[in-house]
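Subject: Handing over the structure

Hello,

Here is the structure I promised to pass on to you. Please open it alongside this message.

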Amino acid sequence: MAETQDVVELILQDHRRMEELFRLMRSVEADRVAALREFADLLIAHALAEEAKVYPALKRYKNIDDEEVEHGEHEHDEGNRALLDLLEVEEVGSEEWDAKLEDLVEAVTHHADEEERTILNGARENVGMERREKLGVAFREERERQLKAGCGSVGNVRRIVES
């Protein structure tokens, strides 16, 4: 199967990977620390790439609601805050860990669900495949750049949340 360049499919692939990582972070049999580390990098890289490369381009399309895009950015902030709260928990698997993990799951799954129903469906209906593929290349490049920079580190997440 050829690797897709469609920005909608790339975003959906990230959402599905985040769901898998949630399952791992909930499992006492998994390496929860490694799952959290991968999740933190993916969430931050994904959100920064959407905000830098995808959302501004989608705002230019008349049938994609600016308010939905801005709401998506606000929800990224909520997810980042919940991620920082979990990263700052000292004991993996503690009651505090479980509570903060569920806060993170709720924030991120709520955002992903809304984004898929509003922004991504709007992009499917109103943005041609050629443009979606160009956005996909830009999204992927920015996401990879962020991942290489260690964007999910506690210090970087704290800097993002506090800015």
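First, some ground rules. This is a predicted model, in which local features need pLDDT of at least 70 and side-chain atom pairs count only at pLDDT 80 or more, while totals for chains, interfaces and linings use all residues. Residues are numbered from 1 along each chain as its sequence is written, and side-chain values use heavy atoms, with hydrogens and water left out.

**The whole chain**

The chain has six helices and zero strands. Helices (H or I, at least four residues) and strands (E, at least two) are DSSP runs, numbered from the N terminus. Along the sequence this reads as α-α-α-α-α-α. The radius of gyration of the chain is 16 Å, close to the 15 Å that the globule rule gives for 163 residues, so the chain is as compact as a globular protein of that length. That radius is taken over C-alpha atoms, and the globule rule is 2.2 Å times the number of residues to the power 0.38. Taken along the principal axes, the C-alpha atoms fill a box of roughly 45 × 35 × 25 Å.

Of the 163 residues in the chain, 44% are buried. Buried means under 20% relative accessible area, exposed means over 50%, and partly exposed lies in between (1.4 Å probe, protein chains only). Among contacts with a separation of 6 or more, 79% come from residues 24 or more positions apart; contact here means heavy atoms within 4.5 Å.

**Helix 2 and its partners**

Axes are lines fitted to C-alpha atoms, for helices over the stretch in contact, and angles run from 0 to 180 degrees between N-to-C directions. Angles under 35 degrees count as roughly parallel, over 145 as roughly antiparallel, 65 to 115 as roughly perpendicular and the rest as oblique. Helix 1 passes helix 2 in a left-handed crossing. A crossing is left-handed if the near helix is turned anticlockwise from the far one by less than a right angle, and right-handed if clockwise.

The residues that meet here include V7, I11, M18 and F22 in helix 1 and A35, F39, L42 and V54 in helix 2. By class, this contact of helix 1 with helix 2 has 13 nonpolar, two polar and six charged residues. Ala, Val, Leu, Ile, Met, Phe, Trp, Tyr, Cys and Pro count as nonpolar, Asp, Glu, Lys and Arg as charged, and the others, Gly among them, as polar.

Helix 2 also packs with helix 4 (residues 95-126), at an angle of about 30 degrees and with the axes 13 Å apart. That makes helix 2 roughly parallel to helix 4. The crossing of helix 2 and helix 4 is left-handed. Among the residues that meet are L36, F39 and Y55 in helix 2, and W97, L104 and I119 in helix 4. The contact of helix 2 with helix 4 has 10 nonpolar, two polar and four charged residues.

With helix 5 (residues 129-148), the axis of helix 2 comes within 8 Å, crossing at roughly 145 degrees, and this crossing is right-handed. The residues that meet include D41, A45 and A49 in helix 2, and L135, F139 and L147 in helix 5. By class, the contact of helix 2 with helix 5 has 12 nonpolar, two polar and six charged residues.

- L10 lies in helix 1 and counts as buried at 6% relative accessibility. Beyond residues up to four places away in sequence, L10 touches T4, Q5, G136, F139 and R140. The C-alpha atoms of L10 and R140 are separated by 7.9 Å, although the two are 130 residues apart along the chain.
- L147, in helix 5, is partly exposed, with a relative accessible area of 27%. Leaving out residues up to four places away in sequence, L147 touches D41, L42 and A45.
- R124 sits in helix 4 and counts as partly exposed at 36% relative accessibility. Leaving aside neighbours within four places in sequence, R124 is in contact with V8, E9, L12 and R132.

Best wishes
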